[in-house]
Amino acid sequence: MATSPPLPSHPGGPLRHAHWWQRTWVRYAALTTLLAISGLVILALVREETGTEGFLVGLGLATLPVPLLIATFRWLDRVEPGPWRNLLFCFAWGACAAALIAIVANSFATRWIATATADPSSADTLGATVIAPVVEETAKAAAVLLVFLFRRRDFTGIVDGVVLAGVTATGFAFTENILYLGMAFGTDQLTGHSGIASVTAATFFVRVIMSPFAHPLFTVLTGIGFGIAALTADGRPVRRVAFPLSGLLLAMGMHAMWNGSSSFGEYGFFAVYAAFMVPIFGLLTWLVVWTRQRELRTVQTELPAYAVAGWLSPAEPYALGSMRARRIARQYARRHAGRAAARAVAQYEGYATSLAFLRHRGRKGRTGGADFVVRERELLDELWRRREAARPALDHAARLTAPPVPVAAPPWPVYGAYGYSHPTPYPAYNPYRS
């Protein structure tokens with residue numbers, strides 16, 4: 001059996017026992033209870049507004065864009081996939097807690113303004129363009145903030161901020177769409193309209209077909225602010241606060257412009273949609289794709305040090321820095337050893353990426369020495385457990401995808417289509433042999 005290279009030593013002394021309120025299961029139970037209560041309350045409020053039949057129709061129609069949006073954000077997170085529990089929390093927070101905060105606060109503020117001004121129409125306009133953006137974006141940003149504070153290891157950069165913010169906003173839009181589509185259906189029941197000419201069809205077209213990305217687009221600006229804060233060194237607390245706040249203010253402004261577009265004239269909505277929403281959506285898409293490519297280059301740059309130390313094979317830094325090679329490795333493992341091996345390869349890719357990002361942050365001074373050593377040891381241990389399934393698959397992927405001739409010889413072993421020449425620090429093995 002192969003033995004692992006020496007692990008870094010633990011920098012601290014014995015661990016102290018946490019108080020009962022600091023235990024993980026207590027926090028999970030409290031958070032789950034809070035979200036469940038919020039979900040039941042918002043369910044009752046929406047059903048009261050729409051009626052049972054309207055609620056069911058709204059629920060069915062509002063569900064349609066959700067899988068596509070979640071799959072899109074999950075695809076953006078393929079370089080270093082975050083745990084599903086974070087995504088589930090963010091979606092539940094957006095659909096339950098944030099939606100409940102928004103519906104209660106918006107209603108209260110609008111009624112108070114209408115009473116104070118004796119002008120219900122202006123109160124509705126002011127509530128939609130000023131109150132709603134502030135309340136809703138703040139409520140959605142709370143989910144990103146909680147992950148940033150309590151799941152810091154899972155929050156490493158801009159892509160993580162975009163994904164978490166987008167999933168939170170998707171949950172919020174899901175609940176909001178149930179409300180609006182259910183109310184539209186109720187209006188059609190009263191007026192007798194149906195088909196394309198119905199209010200339900202018009203609402204579905206505007207909210208689900210034309211602008212399913214509206215709420216995610218607003219909140220993603222907040223997520224980018226948190227992502228930049230995650231890349232900022234610990235010694236700069238002002239910047240770590242200023243970037244998220246700036247992103248939140250931009251999200252509020254964008255949301256206010258979107259809600260106020262109907263007051264800009266007959267074609268105000270389409271003007272704002274074409275002049276602002278589409279270009280910003282394209283710009284943010286480019287930013288996320290560019291960031292993902294930058295992350296892959298970081299993987300290729302940082303992991304060779306671990307190959308030299310014997311933790312990775314010489315081929316792996318290249319393979320792990322290519323999405324195509326990663327996919328080929330998972331397919332190879334599934335074809336030769338089944339789904340369990342493919343899952344192990346996928347986990348290996350994720351842990352290796354986290355290791356590369358950790359080393360990159362450490363070199364930039366963004367990770368404390370003690371935290372770095374502990375986390376590095378954890379990640380190396382996870383990699384070593386999965387090496388027998390992952391290494392042959394990644395070596396195979398590297399042979400298929402690496403360029404035949406390297407441009408320059410780096411200070412670590414070079415892997416190409418013609419093979420590599422380097423004494424491996426571990427015994428040769430082939431777990432896929434019969």
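## Overall fold

The protein chain contains 15 helices and 0 strands; both are DSSP runs numbered from the N terminus, a helix being H or I over at least four residues and a strand being E over at least two. The model is predicted, so that local features need pLDDT of at least 70 and side-chain atom pairs count only at pLDDT 80 or more, while totals for chains, interfaces and linings use all residues. Residues are numbered from 1 along each chain as its sequence is written, and side-chain values use heavy atoms, with hydrogens and water left out.

Of the 434 residues of the protein chain, 47% count as buried. Buried means under 20% relative accessible area, exposed means over 50%, and partly exposed lies in between, with a 1.4 Å probe and protein chains only. The chain exposes about 22,200 Å², of which carbon and sulfur atoms supply 64%; accessible areas come from the Shrake-Rupley method with a 1.4 Å probe, and for residues only the protein chains shown count as cover. Among contacts in the chain with a separation of 6 or more, 76% are made by residues 24 or more positions apart. A contact means heavy atoms within 4.5 Å.

## The second largest pocket

The second largest pocket has a volume of about 1,300 Å³. On a 1 Å grid over the protein atoms alone, a pocket is an open set of points with protein on both sides within 12 Å along at least five of seven lines, whereas a cavity is a set where a 1.4 Å probe fits but cannot get out; lining residues have an atom within 4 Å of a point. Grid points are joined across faces, edges and corners, and the volume is the space filled by probe spheres set on the points.

The lining of this pocket consists of 43 residues, and those nearest its centre are Glu136, Glu176, Leu179, Tyr180 and Arg207. At least two lining residues come from each of helix 1 (24–63), helix 3 (84–117), helix 4 (120–150), helix 5 (158–191), helix 6 (199–210), helix 7 (214–230) and helix 8 (237–259). Helix 3 gives the most, with 9 residues. By type, the lining divides into 23 nonpolar, 13 polar and 7 charged residues. Here Ala, Val, Leu, Ile, Met, Phe, Trp, Tyr, Cys and Pro count as nonpolar, Asp, Glu, Lys and Arg as charged, and the others, Gly among them, as polar.

Glu136 is found in helix 4 and counts as buried, at 5% relative accessibility. Leaving aside neighbours within four places in sequence, Glu136 is in contact with Ala102, Asn106, Phe172, Glu176, His215 and His255. The C-alpha atoms of Glu136 and Ala98 are separated by 7.0 Å, although these residues are 38 apart along the chain.

Asn86 lies in helix 3. With a relative accessibility of 7%, Asn86 is also classed as buried. Not counting residues up to four places away in sequence, Asn86 touches Val147, Arg151, Asp154 and Leu164.

Helix 5 has 34 residues and reaches 48 Å from its first C-alpha to its last, close to the 50 Å expected at 1.5 Å a residue. The expected span is 1.5 Å times one less than the number of residues. Because 27 of its 34 residues are buried, helix 5 is largely enclosed by the rest of the structure. Gly192 follows helix 5 and has a positive phi, near 80 degrees.

Helix 12 (residues 323–337) has 15 residues and spans 21 Å between its first and last C-alpha, close to the expected 21 Å. Its buried residues are Met323, Ala325, Arg326, Ile328, Ala329, Arg330, Tyr332 and Ala333. Their cover includes helix 9, helix 11 (316–320), helix 13 (339–363) and helix 15 (387–401). After helix 12 comes Gly338, whose phi is positive, near 95 degrees.

## Other buried positions

Ala315 is found in the loop between helix 10 (304–308) and helix 11 and is buried, with a relative accessible area of 0%. Ala315 and Arg391 are 76 residues apart in sequence and 8.7 Å apart in space, C-alpha to C-alpha.

Gly268 is found in helix 9 (residues 268–302) and is buried at a relative accessible area of 4%. Arg375, in helix 14 (residues 369–385), counts as buried at 18% relative accessibility. Apart from neighbours within four places in sequence, Arg375 is in contact with Arg153 and Leu358.
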